[in-house]
Amino acid sequence: MSQPMGESISIEERFEAFVAEENRVEPKHWMPDAYRKTLVRQISQHAHSEVVGMLPEANWISRAPSLRSKLILLAKVQDEAGHGLYLYSAAETLGTPREKMIDDLLTGKAKYSSIFNYPTLTWADMGAVGWLVDGAAIANQVMLCRTSYGPYSRAMVRICKEESFHQRQGFEIMMNLSKGTKGQKEMAQDALNRWWWPSVMMFGPSDDNSPNSAQSMRWRIKRKSNDELRQEYIDKTVKQAEYLGLTIPDKDLKWNEDTGHYDFGEIDWTEFFDVIAGNGPCNAERIAARQKAHNDGAWVRDAASAYAKKQSRRKKLEEETQDSAA
């Protein structure tokens with residue numbers, strides 16, 4: 001963040017120039033309070049989404065139709081837990097304790113992706129979640145590999161590699177079902193019908209109603225707007241649905257020769273904001289499950305803390321003994 005000769009600029013202006021030149025901001029660097037706050041909010045919500053996202057999938061591990069599918073789904077759920085850990089660690093570098101972030105989730109103060117407040121009713125939902133939900137997540141997250149905050153950027157590189165596996169796993173499920181019996185194809189179509197619009201909403205409100213989007217893009221936290229990412233996702237996913245022989249549940253969907261993109265129907269933002277507000281089909285169930293898991297795991301945290309203190313005292317005693325002997 002060098003200062004031009006003969007010019008007096010503020011530290012905020014130097015920061016803006018630093019990120020505009022595609023430099024990475026590291027924890028030791030000075031950063032505006034608003035930049036720090038924005039990152040903590042975004043990264044912690046991302047972490048919460050990974051952890052809560054385990055719940056609708058873990059519910060199907062014991063009911064998966066084959067040993068192979070059980071192993072794949074188990075690996076996926078384990079990946080999501082790891083993603084949450086990476087992201088909580090990245091957020092902690094900004095000075096916010098993990099305990100506070102988790103408490104904000106458990107008390108309802110912090111949000112997570114609205115998509116995980118929908119139920120997974122059939123095995124086809126595991127395909128739809130992998131194909132559509134993880135597909136939308138990848139569209140959102142690939143750009144975060146180039147986000148301006150270094151720890152977040154580096155965490156996203158590995159996360160995106162694993163998410164691509166999750167999407168392929170989901171697409172494979174949908175492909176097997178769509179090429180199976182009539183009942184199996186109907187099951188796949190039903191899952192697509194229920195998950196399509198929630199997955200399209202995953203990119204957040206339209207740009208006109210997204211108060212944080214413009215600032216995040218100027219700081220290089222985000223690289224593309226909500227509407228740009230949504231359009232790219234729809235253009236790609238429609239072709240995948242055609243390959244599967246499934247129908248996107250949008251009567252207004254059509255190719256626009258002039259724009260080179262698909263036009264699509266009106267999104268029900270009332271539903272989106274209602275789910276965000278805590279009134280979705282599974283909001284209460286998801287938070288209750290996380291609260292129970294947190295409470296049930298208290299003895300593990302206590303034991304780990306006691307062991308760490310014991311090891312610290314032992315190390316200190318050994319050092320004091322060595323100093324006395326010297």
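Trainee: Which residues are linked with Glu22 in a network of salt bridges?

Mentor: A salt bridge is a side-chain nitrogen of Lys or Arg within 4 Å of a carboxyl oxygen of Asp or Glu. Here, Glu22, Arg220 and Arg223 form such a network. Two notes on reading: this is a predicted model, where local features need pLDDT of at least 70 and side-chain atom pairs pLDDT 80 or more, while totals for chains, interfaces and linings use all residues. Numbering starts from 1 along each chain as its sequence is written, and side-chain values use heavy atoms, leaving out hydrogens and water.

Trainee: How many salt bridges are there by this rule?

Mentor: The count comes to 18 salt bridges. In one of them, the side chains of Arg220 and Glu22 meet at 3.4 Å, N to O. This pair links distant parts of the chain, 198 residues apart: Arg220 is in the loop between helix 9 (213–218) and helix 10 (226–244), and Glu22 is in the loop between helix 1 (11–20) and helix 2 (33–52). Helices (H or I, at least four residues) and strands (E, at least two) are DSSP runs, numbered from the N terminus. The chain has 13 helices and two strands.

Trainee: Is a residue such as Asp125 buried or exposed?

Mentor: Buried means under 20% relative accessible area, exposed over 50%, and partly exposed in between, with a 1.4 Å probe and protein chains only. Asp125 is buried because its relative accessibility is 0%. Its side chain meets that of Arg194 in a salt bridge of 2.6 Å, N to O. The pair links distant parts of the chain, with Asp125 in helix 6 and Arg194 in helix 8, 69 residues apart. Arg194 is partly exposed, at 26%.

Trainee: Where do Glu57 and Lys76 lie?

Mentor: The side chains of Glu57 and Lys76 meet in a salt bridge, 2.6 Å from N to O. Glu57 belongs to helix 3 (residues 54–58) and Lys76 to helix 4 (residues 67–92), so the pair ties together parts 19 residues apart in sequence. Both Glu57 and Lys76 are buried.

Trainee: What does Ser199 touch, not counting residues up to four places away in sequence?

Mentor: Contact means heavy atoms within 4.5 Å. Ser199, in helix 8 (residues 182–201), touches Ile115, Leu132, Ala136 and Tyr233. Ser199 counts as buried because its relative accessibility is 0%. Gln189 also lies in helix 8; leaving out residues up to four places away in sequence, Gln189 touches Leu246 and Thr247. By contrast, Lys109 sits in the loop between helix 5 (98–106) and helix 6 (123–142). Lys109 counts as exposed, at 61% relative accessibility.

Trainee: Which residues form a positive surface patch?

Mentor: A patch is made of residues with over 30% relative accessible area and no salt bridge; like charges are joined within 9 Å, and nonpolar side chains (Val, Leu, Ile, Met, Phe, Trp, Tyr) within 5 Å. Lys and Arg count as positive and Asp and Glu as negative, while His and the chain ends are not counted. The charge is placed at NZ of Lys, CZ of Arg, CG of Asp or CD of Glu. Lys309, Lys310, Arg313 and Arg314 form a positive surface patch. Arg313 is in helix 13 and is exposed, at 55%.

Trainee: Which residues gather in a patch of negative charge?

Mentor: Glu318, Glu319, Glu320 and Asp323 do so, on the surface. Glu319 is in helix 13 (residues 298–325) and is partly exposed, at 40%.

Terms used
Areas by Shrake-Rupley, 256 points an atom, 1.4 Å probe, with all protein chains shown as cover.
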